[in-house]
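Keep the viewer open as you go.

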Amino acid sequence: MPETTRRADRLADRHSGSRYGNRPTMKDVAARAGVGLKTVSRVVNGEPGVTPDTERRVQEAIDALGFRRNDSARVLRKGRTASIGLVLEDLADPFYGPLSRAVEEVARAHGALLINGSSAEDPDREQELALALCARRVDGLVIIPAGGDHRYLEPEIRAGVATVFVDRPAGKIDADVVLSDNFGGARDGVAHLIAHGHRRIGFIGDMPRIHTAAERLRGYRAAMEDAGIEVEDGWMSLGATDPERVRRAAAEMLAAHSPVTAIFTGNNRVTVTVIRVLAEHTGPVALVGFDDIELADLLRPGVTVVAQDAAALGRTAAERLFRQLDGSLVTPERIELPTRLVTRGSGELPPAG
């Protein structure tokens, strides 16, 4: 066995014996394969000029040593990291699963890695996370905003970080945004309840400072106004989506002197809590929820919802991001995707009595 190979074998033994040993380098690969450093570089970077037999030996050395290419130098040369960041509201929210997956698939198709994190609906945490991703030199950001002021991103955007907002618009800057038709979807959902004979319709939504919550409330009000129905104060409740607050709001609406006969819920988390409240309530109460929920079709009655296409939101935002990176987009745009009403039974119940 050549001395260079024996030295490389000893190196491999050292790496395997230490959990946190030094990473093998291209020099180590060259020593094990018995070739020059330039030859290893050509194989690693897929360049021509290497015979099949030599390429095989180099690849065997790479596999034996567990060598992985260090992309830092390539990043410095190209000015790109082939990575993008995704800032979500809540990683545990089922709505963001298909959205995140769609962004990841588009990134993968462009040879990029996706790094994501959660703002927990905290504007300070959103800013901290977005700037941390920029500090790691991501090429672009897809952001579901928690805050209303995104001027902190202006230096990053000027420096070339492509940025697209999704689900909610940016605050105080002009930037690409991809939204669902929150107003139109809510108006259609409430109009559906009205068409089935309801006039006392409650609305339980998220924090009013959140764009989607405000737009869905506006859609609720518009549908009621179109039908000539005056909305009573006790029919509307906006706030945190924690179950206790939502349960209390629903119980108050159902126990009022003139109780509501139907409820429109502003998002999936609110819908789940209201379903639990209605399961304990005597008498039928119609329900339409904004956002689809898992197993909605298996409940009796099935839950009628205004469904968003979360995957389309993520895919459209990511495609927009990579078009920015390609230099084919200049003027920011607002893209609004349609929602659809999915009827399953709960929204078609007539008023009691």
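## Aromatic rings

Rings of Phe, Tyr and Trp (its six-membered ring) pair if their centres lie within 6.5 Å; planes under 30 degrees apart count as stacked, over 60 as edge-to-face and the rest as tilted. By this rule, there are three aromatic pairs. Phe95 and Tyr96 form an edge-to-face pair, with 5.2 Å from centre to centre and 75° between the planes.

Take buried to mean under 20% relative accessible area, exposed over 50%, and partly exposed in between, using a 1.4 Å probe and protein chains only. Phe95 is then buried at 11% relative accessibility, and Tyr96 is buried with a relative accessible area of 3%. Elsewhere, Phe203, Tyr220 and Phe264 form one aromatic cluster.

## How the model is read

This is a predicted model, in which local features need pLDDT of at least 70 and side-chain atom pairs count only at pLDDT 80 or more, while totals for chains, interfaces and linings use all residues. Residues are numbered from 1 along each chain as its sequence is written, and side-chain values use heavy atoms, with hydrogens and water left out.

## Overall form

The chain has 13 helices and 12 strands, which are DSSP runs numbered from the N terminus (helices: H or I, at least four residues; strands: E, at least two). Its radius of gyration is 28 Å, well over the 20 Å that the globule rule gives for 353 residues, so the chain is more spread out than a compact globule. That radius is taken over C-alpha atoms, and the rule is 2.2 Å times the number of residues to the power 0.38. Along the principal axes, the C-alpha atoms fill a box of roughly 95 × 40 × 35 Å.

Buried residues make up 47% of the 353 residues. Counting heavy atoms within 4.5 Å as a contact, 65% of the contacts between residues at least 6 apart in sequence join residues at least 24 apart.

Helix H3 (residues 37-44) has Thr39, Val40, Ser41, Val43 and Val44 as its buried residues. Their cover includes helix H2 (26-33) and helix H4 (52-65). Just after H3, Gly46 takes a positive phi of about 70°.

Where does Asp139 sit? Asp139 lies in the loop between helix H7 (123-135) and strand E3 (140-143), and it counts as buried at 10% relative accessibility. The C-alpha atoms of Asp139 and Ala107 are separated by 11 Å, with the two residues 32 apart along the chain.
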